[in-house]
Amino acid sequence: MCTQIRLAQIRHGAVIMVAELLPALAANAAAAATAAAAAATADTEAPSLSPTSAGSTITSTVTISGVESNGSSSRATSGWPLSPERQAAVAELVPAIDKARLYRGKGGEVMREAVARLVEGCSTVGLVMSSAQHAKVLEALDENLRHPQQYIQAGAVAAVRAYAKAYLINDPRAAAAFRTRYLDAYLTRLHDANVAVRRGYSLALGSLPAQLLRPVLEEAVDALVDGCVPEDDPDERDVDSRVNCTKALGQLLETMALGPCDGIAELLRDKILPCLHASLEDYTTDNRGDVGSWLREAAMRVLAMGVGLLPICYSREGGNSCSGGDERSLEDLPSFKEWTEIAVRAVGTLLRQSVERIGRVRECALRHLRTMMSNIPRMTYIPAAARVNAAVLAASDAADAGGLTASLEALHCIVVRLLSEPAYTKPLLEGLVASIGGIDNSLAKVASAALLEALAEAPSQCAAHDAGTDASGSGQPPLLKAVTGHLLDIWSRYTKSSRLATPLLRIAVLLITKAPDVAEVRLPRPPPPQAAVTDPECTTDGSSMAPSSRFVDHLVEAVRAETRGCADVARLVDAGSLLCHLVAYGGHCRTSALQGLMVLLISKYPKVRRNAAEQLYLQLLALGTSDPAPATLGTPLEQVAEAACDLLLSSPWDGELEAAKAARDELAALVGVTVPKMKAPAAATGRMAAAAVQDENASYQALLDDFARGY
C-alpha cells in the first residue's frame, strides 16, 4: 500500500514538473529570440528593411509567439527547445495515463489534478496534438469537471479555459465539435441529480472565451440564472452549485466585456441583476450554519461589477467593444432613469448586507460598496452620493483595523450617517432587524445604540424637512415616521418567518421602550379593520385629508398574528412581553393587546403562561391613574389594576392548564375584555386515530416496562 502511494506521488510530481517546464521553456525561447532579433536590428545599418529581411523578421516573431499567422499552433525547432519527438511524447502523456488506468486506486485523485495542470501547460504553449489526443484531453477534463473534489474541479476549469483559448477559438470545426459534445451538456445539466456535475459544469460554462459564448450567450445566461434558483425538492438543493453559478455569471460578464456588447446590456438588466438580487435573499441554513452567506458574498461581488458594466455597455454603440470606442455621456443614455433606479437598488442592497449579523458578510459588502462608489460619474446619479461615499470610506477604515470591535464600529458608522436618507432607510432597517434581534449580544447592543442614536439625531440631520416636522404639520420626526412605516412593511413581508419573526418582535420592543414619541406616530395609511370601530382618532375622510392611523394599532395586530399557531416558545415569550408594553396605550391598542394576552395566559407552554402573567403584572403596576383612556366597555383599566395584580399573583399560571383557564376567565371579566374564541384542534380520524389508541409503546412507562422484562 505504501509503495503504491509513493509511486503515485512520484508520477504526480513528474507530470507537474513537465507542466511547469513547458511555459518556462517557451518563455526562455521567446526571450532569447527577442534578444537575437534586437541584436540583429542594431547591427543593421540600412534605414529600411528589404523584403527578405522583413519576411525573416515576421517569421521569427511568429515563432516566438508560438502561433503562426493562420492561427495554427506549431513551433519551429529554432524557436522551441523541444524536438518534434519530445513534443510528441509530451502530447501523448494524457492518453498514456488514461491507458495505464492511473486515475484509479490510490493516487488517482492527485493524477487527475496533475493531468489538468499538464493540459493547461500544453495549451499555454500551443503544443501540437493529434485528433485522438485532443479527444482524450477533452474526455479527461470532462471527467475532472464531474469529480466531487473541489480542487480537481478548479484545476479542470482552468485547463478548459486555457484549452479553449488555444485550440477552439481559431478552429471552427473543433469549436463546432466541442459545442455539440460538451457545451450542450454545460447548458442543460445545471440541475443534474449529481451535485458535482452542477458545480463543475457551471464553472466551466463561465470560463469559456467570448468567441464560444457569443453564439449561445442568451442560452448560457438563462442556464446560469436557472442554476441559481433552488430546486423544488429540499433534498436536491446544493448551495455550492448556486454559488458556482453566481461566480460563473461574473466570469461571463468579465469575458463579454472584452468584446462587442450587443445584447449583453439587456441580459444584464433583465435577467442577471434580478437573479443577483434574488440570490442576496438566500438565507439557507443547515448543520454548517448560514450557508446562504456564501451565495450572498458571491452575489455581492457580481452585483457591484454588473452595475458598473451596465452604463458602460449602454454608452457604446452596437458592435463597439466595451473596452474601447467612443463613449457618450451618461445623461444621453436612453435608459438613464432606469439605470439610476438600478444603481439605487444595488447600493441599498449592499448597505443592508453591511449592517447584518455576520461580520464577514458586512466587511464584504463594505468592500464592494467602496468599489462602486469610487466611480465619480456614476456617483452623480446615486441619491446622497457624497454622504454614502463618506460613510463607506469611514466604515471601511474602521473595519480595516481588524477585530470584532472594528467591525461593530463600522456598522455604527453606516447606521448613524445614512439611516436618515430616505432612499436607504428601509434596506438599512431590514438589516438592523436581523442584527438587533439576533443571538449575538454585543452586536445587538451596538446595533440598538446606533438605531436610537440615528433617531435622536434625525431632526438636526433633516433640515430639508423643516427641522423634523413632517408635511402634515403634526410635529412628528420624519425619520421616526419612516422607520415605523417601513417596519410594518418589513413585518408584512416576513410574517411567520423563522429567520426574522423573533427579531421583529425584539426591535419593536426596543422602539416602544426606548424611542421617544413612538406612540404618537401616525402613518398615512388606513387603520386596521379591527381598529376602525374602537379608535375614534382614525381619519378616513378622503376629501379633507388622507387616511391616517396610529402605528401602535397596526403593531398590536402584527404581534397577535405572529402568535396564532406558533409553537416557538422564545417567540411567544417575546410576543407576550411586547403585548404587555402595548397595554399602556389606550384605545384599540390596549383592547387588542389584552385580548392577545388572554390567549397567551392559557398557552400549552407553562413558561409562556408564567411570563405573560409576570409581564402583565409589572405593566399594571406601572399604570398611573392620570390616564383616563378606557380599556373597553367604559371601565378604566387603572381602576381595576390592583385587583388584577392580586389575581395574577395568586393564580398558578405554570401549574395545571384548567386552573390557568379559570383564572384567565376571571381576569378577562375583571379588565373588561372579551375572550377570543379559540379554534378546536382537528380530531384524528382513520388510521391516525386507531394508531393513537392501539399503540402500546407510546409512553415512557411502556419503555421502562419493556426494559424490566428484558427486551
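Is Lys496 buried, exposed or partly exposed? Lys496 is partly exposed, with a relative accessible area of 38%. Here, buried means under 20% relative accessible area, exposed means over 50%, and partly exposed lies in between (1.4 Å probe, protein chains only).

## The model

This is a predicted model: local features need pLDDT of at least 70, side-chain atom pairs count only at pLDDT 80 or more, and totals for chains, interfaces and linings use all residues. Residues are numbered from 1 along each chain as its sequence is written, and side-chain values use heavy atoms, with hydrogens and water left out.

## The chain as a whole

The chain holds 32 helices and four strands. Helices (H or I, at least four residues) and strands (E, at least two) are DSSP runs, numbered from the N terminus. Of the 711 residues, 49% count as buried.

Take the contacts between residues at least 6 apart in sequence. Of these, 70% join residues at least 24 apart. A contact means heavy atoms within 4.5 Å. The chain exposes about 33,900 Å², and carbon and sulfur atoms supply 55% of that area. Accessible areas come from the Shrake-Rupley method with a 1.4 Å probe; for residues, only the protein chains shown count as cover.

## The largest cavity

How many cavities of 30 Å³ or more does a search of the whole structure find? The search finds three. A cavity is a set of points, on a 1 Å grid over the protein atoms alone, where a 1.4 Å probe fits but cannot get out; lining residues have an atom within 4 Å of a point. Grid points are joined across faces, edges and corners, and a volume is the space filled by probe spheres set on the points.

The largest cavity has a volume of about 60 Å³. Its lining includes Leu138, Asp142, Tyr163, Phe178 and Tyr186. Helix α7 gives the most, with four residues. By class, the lining has nine nonpolar residues, no polar ones and one charged. Ala, Val, Leu, Ile, Met, Phe, Trp, Tyr, Cys and Pro count as nonpolar, Asp, Glu, Lys and Arg as charged, and the others, Gly among them, as polar.

## The second largest cavity

About 50 Å³ of space lies in the second largest cavity. Val90, Ala91, Val94, Leu118, Val119, Cys122, Met129 and Val137 line it. The elements that give two or more residues are α3 (84-91) and α5 (108-125). Helix α5 gives the most, with three residues. This lining has eight nonpolar residues, no polar ones and no charged ones.

## Salt bridges

Side chains of opposite charge can pair when their charged atoms come close. A salt bridge is a side-chain nitrogen of Lys or Arg within 4 Å of a carboxyl oxygen of Asp or Glu. By this rule the count comes to 34.

Glu120 bridges to Arg117, with the closest N and O atoms 3.9 Å apart. The two residues are three apart in helix α5, so about one helical turn separates them. Glu120 is partly exposed at 25% relative accessible area, and Arg117 is partly exposed at 23%.

Other pairs reach further along the sequence. Glu231 forms a salt bridge with Arg198, at 3.3 Å between the closest N and O atoms. Glu231 sits in the loop between α11 (217-227) and α12 (239-256), and Arg198 in helix α9 (residues 195-207), 33 residues apart. Both Glu231 and Arg198 are buried. Lys271 pairs with Glu218, again with closest N and O atoms 3.3 Å apart. Lys271 lies in helix α13 (residues 264-279) and Glu218 in helix α11, so this pair ties together parts 53 residues apart in sequence. Lys271 is partly exposed at 25%, and Glu218 is partly exposed at 44%. A network of salt bridges links Glu281, Arg352, Glu356, Glu430 and Arg493.

## Positive phi angles

Arg101 is a residue other than glycine with a positive phi, near 55 degrees. Arg101 lies in the loop between α4 (93-99) and α5. Arg101 is exposed, with a relative accessible area of 54%.

Lys496, from the opening question, also has a positive phi, near 65 degrees. Lys496 lies in the loop between α22 (478-493) and α23 (501-514).

Technical notes:
1 Å grid on protein atoms, 1.4 Å probe; cavity = no way out; pocket = protein on both sides within 12 Å on 5 of 7 lines; lining within 4 Å.
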